[in-house]
Amino acid sequence: MTLFTVAWRYLQGRFVTSVLTIVGVGLGVSLIIATFLLTRGIREGFIEGATDYGLIVGAKGSPTQLVLNVIFRMDAPMPNIPFRAYEDLQHDPRVEVAVPVAMGDAYQGFRYVATTDAYFAPFSGRRRAPALSAGRFFRSDVPEQPTYEAVLGADVARRTGLKLEDRFFEGEEMAAYPLTVVGVLRATGTADDRAIFISLASYWEMNELSRRAMVKPLTAVLIRPKRLSDLAALHRGWNVAPDIQAAFPTAVLLNIFNLLSLVEDVLLVVLGAVVIVVGLYLFVTMYNATFERRREIATMRALGARRSTILGIVLLESCALATLGGLAGILGGHGGAYLGAALLAARGGPPTHALAVNALQPVTFGAVIVLGALAGLLPAVLAYRTEVAENLAPL
């Protein structure tokens, strides 16, 4: 009979205690895995969704709100700016690309994003332009003759079940302006996956206020300058306007990352406390088990078992509990991160990759086993020093 077999039999003999210990270790590991996956996923989601445009021009207010609303489809909508701001930027010799964007209402929680075909066009220095997985892009229609065509992000098509040629609308007041699905975008892992793209003409006609307005509204204009040296001048020039501001998306992302770093520091302290609690729980479990088995250990010693054998059995028990708890915790952590990512997505948060596998999992698993060995070391030494005469004496 091997040492592992003996240790396993001891664990089976304390089935309820063993299961509770495994669950306790698993919960601690789950919390660690889920926390790291979500925090890293949120950071990567912001990086992946970062725009290729150097400047965003929108209504006066918070630059952070402007960037989150236009680029990541988060936060409250911004006030509108007049369409002539886009026309001025389009004719500015310092601007290479200017893309108008108008943020509309939503269909089943997915925002309408009105723009032109320039939003999907590749340009020099663009990392990845949106591409179609099915259908075509909407037509560039004129304001007087909107076609009400829609291009769906990958998540929108998957969650709503809409497909090519389907017509849809939200609310009875929009029944007169049904949209027709003409295309579906490939998944990008960005906020575009959760957007419904329509033409500006369709947006203006669907919205009662803009339909009647002489000056058509926009939410923002995305700008890519011809030279990086032009960014500062464009930023200063538009920020002197009384009702319009220009914001650097990279500066806003830097502020967001600084806030995330503070949150991560707090989480590290909490996770450190979790590690200490898990280690103490394992130690108390193994100590109590060893103390209760003094007579059994003394009997084994009397039958010829060496001290090193007793030491190995107790260490194997502790490592086995830590190993099973670690495996359960890794699976539970991925499950918790997946649920957290789904909740964030449902609330309009940045997309996260909750099921990513990298060095985190093996490092955490190895650390849990080491923690189990350390927690079982003192009880193992206690078992090692068990005296036969003292513990087999009549009670």
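Is phenylalanine 197 buried or exposed? Phenylalanine 197 is buried, at 0% relative accessibility. Buried means under 20% relative accessible area, exposed over 50%, and partly exposed in between, with a 1.4 Å probe and protein chains only.

This is a predicted model, in which local features need pLDDT of at least 70, side-chain atom pairs count only at pLDDT 80 or more, and totals for chains, interfaces and linings use all residues. Residues are numbered from 1 along each chain as its sequence is written, and side-chain values use heavy atoms, with hydrogens and water left out.

**Overall build**

- The protein has 13 helices and twelve strands. These are DSSP runs numbered from the N terminus: helices are H or I with at least four residues, strands are E with at least two.
- Of the 395 residues in the protein, 49% are buried.
- Among contacts with a separation of 6 or more, 78% join residues 24 or more positions apart. Contact means heavy atoms within 4.5 Å.
- The protein exposes about 19,500 Å², and carbon and sulfur atoms supply 64% of that area. Accessible areas come from the Shrake-Rupley method with a 1.4 Å probe; for residues, only the protein chains shown count as cover.

**Aromatic pairs around phenylalanine 197**

- The structure holds ten aromatic pairs. Rings of Phe, Tyr and Trp (its six-membered ring) pair if their centres lie within 6.5 Å; planes under 30 degrees apart count as stacked, over 60 as edge-to-face and the rest as tilted.
- Tyrosine 119 and phenylalanine 197 form a tilted pair, 5.2 Å centre to centre with 40° between the planes. Tyrosine 119 is in the loop between β4 and β5, phenylalanine 197 is in strand β9 (residues 195–199), and they are 78 residues apart.
- Tyrosine 119 counts as buried, at 7% relative accessibility.
- Phenylalanine 120 and phenylalanine 197 pair edge-to-face, because their ring centres are 5.4 Å apart and their planes stand at 75°. This pair ties together parts 77 residues apart in sequence, because phenylalanine 120 lies in the loop between β4 and β5 and phenylalanine 197 in strand β9.
- Ring pairs link Tyr119, Phe120, Phe137, Phe138 and Phe197 into a cluster.

**Nonpolar cores**

- The largest nonpolar core has 42 residues; Phe168, Ile196, Ile198, Leu218 and Val221 touch the most other members. A nonpolar core is a set of buried Ala, Val, Leu, Ile, Met, Phe, Trp, Tyr and Cys residues joined through side-chain atoms within 4.5 Å.
- Apart from it lies another core, of 36 residues, including Leu66, Phe72, Val97 and Ala220.

**Helix α8**

- Asp230, Leu231, Leu234 and Trp238 are buried in helix α8 (residues 230–239). They sit on the same side of α8, because they cover an arc of only 100° around the axis. The arc is that of the directions from the helix axis to the C-beta atoms.
- Cover for these buried residues includes β1 (55–59), α4 (83–90), β3 (95–107), β11 (220–225) and β12 (244–247).

**Loop residues to look at**

- Most residues other than glycine have a negative phi.
- Glutamine 108 has a positive phi, near 55°. Glutamine 108 is in the loop between β3 and β4 (110–115) and is partly exposed at 46% relative accessibility.
- Tyrosine 148 also has a positive phi, near 55°. Tyrosine 148 lies between β5 (132–135) and β6 (149–152), in a loop, and is buried with a relative accessible area of 15%.
- Arginine 73 is in the loop between α3 (63–70) and β2 (81–82). Arginine 73 is buried, at 9% relative accessibility. The arginine 73 side chain reaches the backbone oxygen of valine 70 at 3.2 Å.

Technical notes
A polar contact is a pair of N or O atoms within 3.5 Å; within protein, one must be able to donate a hydrogen and the other to accept it, and residues adjacent in sequence count only if both atoms are side-chain atoms.
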